[in-house]
Amino acid sequence: MIQMNRKSSYAVAFLILYVVLKAGQPSQAQTSSPQAKLSVHWEELTGADFREAIKRSQGTCLLPIGILEKHGPHMPLGSDLLNARYAALHAAEQQYAVVFPEYYFGQISEARHEPGTVAYSRDLQLALLQATTDEMARNGCKKVLIVNGHGGNVSLLPYFAQSQLDKPHDYVVYLFNQRSPTSGGPKKKTTIDEHAGESETSKMMIVRPDLLHQDRATSESGADQHRLNLPDGVYTGIWWYARFPDHYAGDGAAANRELGEYQMRWWVDSVGKVIAAIKADDVSLKLQNEFYEKSTHPLDTQQ
Ligand SMILES: [Zn+2]
């Protein structure tokens, strides 16, 4: 057996420790490469790193959309975007994608009577969204996934995606409109669970609990006021105001972290799966191009 003095045994111990620690870390070459530390936040990347990010994401970019509107008596005005960005950013960490900065510019005419609502005109909503996805695509985002966090956008966004067929675009707009699972998870306490209700408040408990005022959650009623009775199948714009004039639909006091964790995990995982599917999708753009070409001469389309 080799005898060592105290000094040299310290040196050997130090060397072993160094090797063990080093093995657990990325090599120098990896840490200095831009890919190893690429942020998913568009605004945090340098120009050179942005180019790398687009390559690494296979041109897949996320546009989380929210709104500025009252969320019951207890939630912040920006709740929808805060929640949607949490889901999008965590999903993009799992399945690398570039996430566009804060976008608050959707449909919210129905909350114009409440403080803090920012409601752009119909024309501007569509023009700004088109300009945004066009600019994303010009920068290499050939697959744009809109992650919607706002109930008032559920008609606007499918219309926007559908209307991409009106003239040729060299990119595809995808939309993920769902924010909560339809089944499973902890049992819910409330039956009406919409705007600022049990689910949305529970998610905020995970995202920004510091912004919640749970002591105020029962200071207004989120009950359905049933002020308009029209036959099923008839739609009119005042329906939401008729039912929930205080911009509260449900009971945020029923919220709990367990439900928030379950729903947020579901949202993050779902967006992650959508990103993976979109990266693998080589059909949509091909069909879009075929469609655009054929639509320039419809009389030649076989009947
Ligand atoms: Zn909301």
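# Briefing: sheet, helices and salt bridges

R138 is exposed, its relative accessible area being 60%. Its partner in a salt bridge is E135, with 2.8 Å between the closest N and O atoms. Please keep in mind as you read that this is a predicted model. The protein has ten helices and four strands, and here is a friendly tour of how they are arranged.

**Overall make-up**

- Following the sequence, the elements come in the pattern α-α-α-β-α-β-α-β-α-β-α-α-α-α.
- Of the 303 residues in the protein, 44% are buried.
- The accessible surface amounts to about 16,900 Å², and carbon and sulfur atoms account for 56% of that area.
- If you take the contacts between residues at least 6 apart in sequence, 77% of them join residues at least 24 apart.

**The sheet and the helices across it**

- The four strands make an open sheet with parallel pairing, and their order is 2-1-3-4.
- Strand 2 (98-99) and strand 4 (172-176) are the edge strands; each has a single partner strand, so one side of each has no neighbour in the sheet.
- Strands of a sheet are paired through hydrogen bonds of the backbone, in a parallel or an antiparallel way.
- Strand 1 (residues 60-65) and strand 3 (residues 143-148) run parallel and are joined by six bridges.
- Within this pairing, L62 has L145 of strand 3 as its bridge partner.
- Helix 4 (residues 79-94) lies across strand 1, strand 2 and strand 3, at about 160 degrees to strand 1.
- Helix 5 (residues 122-138) lies across strand 1 and strand 3, and its angle to strand 1 is about 155 degrees.

**Helix 7, a covered helix**

- How many residues of helix 7 are buried? Ten of its ten residues are, which makes the helix mostly covered.

**Salt bridges**

- Searching the whole structure turns up ten salt bridges.
- Side chains of opposite charge can pair when their charged atoms come close.
- E135 and R138, the pair from the opening, both sit in helix 5, three residues apart, or about one turn of the helix.
- E135 is partly exposed, at 39% relative accessibility.
- D170 and K142 form another salt bridge, with the closest N and O atoms 2.8 Å apart.
- D170 belongs to the loop between helix 6 (156-162) and strand 4, while K142 belongs to the loop between helix 5 and strand 3, so this pair ties together parts that are 28 residues apart in sequence.
- D170 is partly exposed, with a relative accessible area of 45%, and K142 is partly exposed too, with 31%.
- R208 and D210 meet through their side chains in a salt bridge, at 2.7 Å from N to O.
- R208 counts as partly exposed at 33% relative accessibility, whereas D210 is exposed, with a relative accessible area of 52%.
- K70, E114 and E220 are linked in a network of salt bridges.

**Around H195**

- Where is H195 found? The loop between strand 4 and helix 7 holds H195.
- H195 counts as buried because its relative accessibility is 10%, and the cut-off for buried is under 20%.
- Leaving aside residues up to four places away in sequence, H195 touches E69, K70, H71, E200, W240, H247, Y248 and A249.
- G252 is 57 residues from H195 in sequence, and the two are 9.0 Å apart in space, C-alpha to C-alpha.

**A nonpolar patch on the surface**

- Which residues form the nonpolar patch on the surface? They are L228, L230, V234, Y235, I238, W239 and Y241, and together they have about 680 Å² of accessible area.
- I238 is partly exposed, and its relative accessible area is 46%.

Definitions and conventions
Residues are numbered from 1 along each chain as its sequence is written. This is a predicted model: local features need pLDDT of at least 70, side-chain atom pairs count only at pLDDT 80 or more; totals for chains, interfaces and linings use all residues. Side-chain values use heavy atoms; hydrogens and water are left out. Patches are made of residues with over 30% relative accessible area and no salt bridge: like charges are joined within 9 Å, nonpolar side chains (Val, Leu, Ile, Met, Phe, Trp, Tyr) within 5 Å. Accessible areas come from the Shrake-Rupley method with a 1.4 Å probe; for residues, only the protein chains shown count as cover. A salt bridge is a side-chain nitrogen of Lys or Arg within 4 Å of a carboxyl oxygen of Asp or Glu. Buried means under 20% relative accessible area, exposed over 50%, partly exposed in between (1.4 Å probe, protein chains only). Two strands pair if DSSP finds at least two bridges between them. Helices (H or I, at least four residues) and strands (E, at least two) are DSSP runs, numbered from the N terminus. Contact means heavy atoms within 4.5 Å. Axes are lines fitted to C-alpha atoms, for helices over the stretch in contact, and angles run from 0 to 180 degrees between N-to-C directions.
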